[in-house]
Amino acid sequence: MDRLYLTEAEWQGHLRGRSGGTFSPFAASEIQGEEQTLDAGGRRARDFAEIRTQPGANLFEAVRDRIGAEQGQGRQVLVAGYSAGSLDRLAHLLAEHGLARQQRIGAWAELETLPKGAVALAVLPLEHGFEHGSAIVHSEQDILGERLARPQRKKRRADRFLAELSTLSEGDLVVHVEHGIGRYDGLATLDVGGAPHDCLRLIYEGNDKLFVPVENLDVLTRFGSEDVGVPLDRLGGTGWQARRARIKQRIRQIAQELIKLAAERQLKPGIAMEPPAGAFDEFCARFPYPETDDQLRAIADVLEDMASGRPMDRLICGDVGFGKTEVALRAAFVAVMSGHQVAVVTPTTLLARQHFRTFSERFKGLPVRIGVLSRLVSARETAETKKGAADGKIDIVIGTHALLGKSISFANLGLMIVDEEQHFGVKQKERLKQLRAEVHVLTLTATPIPRTLQMALSGVREMSLIATPPVDRLAVRTFVLPYDPLVIREAIMREHYRGGQTFYVCPRIEDLPKLADRLRDLVPEIKFVIAHGQMAATQLEEAMTAFYEGRFNLLLSTNIIESGLDIPTANTMVIHRADMFGLAQLYQLRGRIGRSKLRGYAYLSLPADRVLNPVAQRRLEVMQSLDTLGAGFTLASHDLDIRGAGNLLGDEQSGHIKEVGVELYQQMLEDAVAEARGAAAAVPEEGWTPQIAVGMPVLIPESYVPDLPVRLALYRRIAALVDRAEIDGFAAELIDRFGPLPPEVENLLRIVAIKRLCREAGVEKVEAGPKGAVVSFHKNSFAKPEQLIAFIGRERKRFSVRPDQKLVVHSAWETPEARVEGVHRLMQELAKLAA
């Protein structure tokens with residue numbers, strides 16, 4: 001029988017017979033056994049860093065010239081790409097600049113047999129090129145300064161979340177910047193100038209159709225998910241333009257008020273607080289868990305804000321149980337040690353009680369007095385705490401929104417910590433807003449309400465994201481199911497047998513007695529206790545303490561337990577009539593379980609004989625899909641989408657969004673904020689996009705990417721590409737994911753590059769044919785008319801101007817390729833003139 005393996009002696013003999021040594025940075029004198037480590041004489045090749053820094057220098061022409069010079073000295077040149085995709089792109093760029101003789105090689109030996117004047121190409125993931133004998137290797141990074149197809153960065157910017165959630169499906173409402181609200185009706189391939197072109201088909205009022213070319217997808221935004229009863233706009237009607245202008249005006253006012261608020265904060269001198277050296281480290285060491293990277297980053301952000309000498313207004317958005325309280329504890333320590341008072345505002349009495357426990361434990365043995373204000377505290381203690389806060393004897397006061405009332409004053413308030421801001425009403429928020437301009441405010445939230453999320457997205461408030469779960473944390477499994485007594489019994493008993501406790505939550509207090517009877521029949525072996533917000537303070541306190549200490553197996557309650565309760569032994573939750581809760585409520589409730597190393601299980605039960613309304617249905621679908629750790633932020637973006645963001649300053653909850661849709665509102669707001677900040681030059685005028693017709697196929701063929709949603713997502717990303725580097729990086733990614741680019745996709749990417757130049761040049765439309773092109777300028781004007789007139793005067797044979805202000809280009813462009821090349825060069829010239 002044949003042997004599968006070589007013996008040691010055979011293997012050594014095989015190694016000795018191989019030519020070449022081991023490449024090593026170490027000296028050649030190191031001899032290990034019989035194998036000698038050779039210095040192959042490789043030296044690092046010159047890179048192109050110097051040329052990249054010169055303004056106006058053409059990098060690829062410099063690469064071409066240097067490679068030509070090296071070949072003139074009789075050397076073999078190899079260009080190495082990091083992956084097949086980026087090599088393909090690099091080869092394409094080099095060919096465009098005159099290095100057309102290229103040959104792919106798969107082994108080093110092939111380099112020596114290279115034809116004269118040819119450049120070798122190979123996939124070699126090298127950071128830097130090198131010279132060895134007569135061979136020179138230039139790496140992708142040497143030429144470009146960084147890799148084309150960089151691995152995806154884990155850290156995603158907050159505003160990308162909206163775009164990622166917004167995949168289009170047929171029947172969705174979309175908003176066209178110029179024509180208003182229409183219904184998306186799928187992709188259609190049209191014949192444009194004798195060549196196939198992918199377009200999105202939109203239906204408007206009266207069944208009118210509008211086709212949007214895929215490269216112009218950036219003029220479309222999603223309307224949002226609440227599209228029931230939304231009227232479609234008329235194509236060519238004036239209603240949409242008037243509506244958009246009105247909202248733009250209102251948004252501009254909102255932005256100015258917001259900026260005024262933010263500016264007041266920036267200009268007012270705040271209290272600079274530095275952590276005391278030594279004592280702060282000791283306080284941190286009391287935290288029994290290792291901090292996650294995000295947590296450390298959030299803590300550093302908060303400390304930096306507090307030391308800046310301006311009032312802090314930071315939102316810490318971290319999922320339930322991801323350690324936001326620790327950030328608050330450290331901020332409180334710094335404030336107290338700087339001689340200031342801290343107020344911690346919570347939405348519920350139970351949460352105030354829990355924070356009081358946590359703070360007392362962490363500040364044990366330190367000269368810090370902590371008071372609590374809530375209805376669970378006796379009248380005498382309340383009076384003492386109020387007096388202590390007013391004369392400065394109590395350092396930290398924890399309480400419900402009674403803390404924001406007029407009857408409470410502080411001797412020297414320095415920091416206000418707001419937990420779960422979404423539970424406060426408009427009045428309390430107004431009071432917080434007054435405080436914001438004077439003291440440091442730190443807001444903790446797991447599912448930021450859309451408005452808060454939107455303020456953070458528009459860059460008005462600072463935000464730190466804690467997205468990494470603590471070590472050993474498992475995601476909660478979520479089941480949505482019609483009410484089934486057998487499943488419920490099994491769930492409760494399974495938790496009981498593994499030594500844990502269960503929450504049973506129902507939406508209304510009047511349902512509690514009925515459910516209590518049902519539980520007695522269903523699980524007679526279980527001891528349970530009832531808790532709700534209308535119980536007497538002492539009763540509620542007793543019930544919660546008993547459950548906390550493990551004297552009962554199950555807590556039957558309303559959503560009073562929703563905020564921030566931390567009972568590590570409770571890891572199963574049944575939510576009765578889940579369709580009656582909001583999305584953020586369901587998410588918060590689910591966050592009460594799975595807080596230790598055990599996996600949590602959530603059962604969302606629905607009435608078996610009832611059809612849900614579409615919004616409740618969607619809410620529960622979202623809940624079931626968000627079963628990863630750290631989904632709170634994604635949830636808030638869904639919620640922004642399901643409910644709308646509302647006015648950032650007051651209580652017009654979903655008004656404007658209903659009129660223009662979520663994404664366009666977001667975009668208009670960001671532009672208005674930038675404009676109010678004085679960064680208006682950076683905001684491009686919205687509402688127009690260049691149109692380019694060159695008579696060649698422009699699409700991603702179905703044979704290349706068969707999956708329609710993926711194709712649409714790619715189109716959406718293509719429409720958002722900004723510069724040449726992004727286009728090349730995207731092309732490299734496509735090649736790595738789907739294989740070599742078909743000509744139609746190459747055309748699409750070239751059209752996108754031309755579109756970018758058109759925007760820079762202010763060109764609204766280009767129609768190219770075999771004898772030249774007609775160019776229309778946006779609003780019939782050019783940024784530097786004197787330059788354009790001089791340019792046309794110099795090139796009289798090539799250009800003429802029609803009476804309707806259109807520029808006519810006379811050129812023989814017989815093939816589509818020649819047309820694209822010609823239009824690209826023309827737009828480069830015009831963009832240069834406009835700049």
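Two strands count as paired if DSSP finds at least two bridges between them. Helices (H or I, at least four residues) and strands (E, at least two) are DSSP runs, numbered from the N terminus. What you see is a predicted model, in which local features need pLDDT of at least 70, side-chain atom pairs count only at pLDDT 80 or more, and totals for chains, interfaces and linings use all residues. Residues are numbered from 1 along each chain as its sequence is written, and side-chain values use heavy atoms, with hydrogens and water left out.

Start with strand E26, residues 570-575, and strand E27, residues 601-606: they run parallel and are joined by four bridges. Thr572 has Tyr601 in E27 as its bridge partner.

Both strands belong to an open sheet of six, with parallel pairing and the order E22-E27-E26-E23-E25-E24. At the edges are E22 (477-482) and E24 (528-531), each of which pairs on one side only. From one strand to the next, the twist averages 20°; axes are lines fitted to C-alpha atoms, for helices over the stretch in contact, and angles run from 0 to 180 degrees between N-to-C directions.

Now the helices on this sheet. Helix H18, residues 583-590, packs on it and touches E22, E23 (501-505), E26 and E27, with a direction at about 150° to that of E26. Contact here means heavy atoms within 4.5 Å. Helix H19, residues 614-625, lies across E22 and E27 and runs at about 150° to E22.

Next, the core. A nonpolar core is a set of buried Ala, Val, Leu, Ile, Met, Phe, Trp, Tyr and Cys residues joined through side-chain atoms within 4.5 Å. Buried is under 20% relative accessible area, exposed is over 50%, and partly exposed is in between (1.4 Å probe, protein chains only). The largest such core has 64 residues, and Ile700, Val763, Val775, Met827 and Leu830 have the most contacts inside it. Helix H25, residues 743-761, gives the most, ten residues.

Is Lys779 buried or exposed? Lys779 counts as exposed, because its relative accessibility is 60%. Lys779 sits in the loop between strand E30 (772-777) and helix H26 (785-794). Its C-alpha is 9.2 Å from that of Val763, 16 residues away in sequence.

Last, Glu70, in helix H3 (59-72). Glu70 is buried yet has no salt bridge, and the nearest side chain of opposite charge, Arg66, is 4.9 Å away. A salt bridge needs a side-chain nitrogen of Lys or Arg within 4 Å of a carboxyl oxygen of Asp or Glu. For charge, Lys and Arg count as positive and Asp and Glu as negative, while His and the chain ends are not counted.
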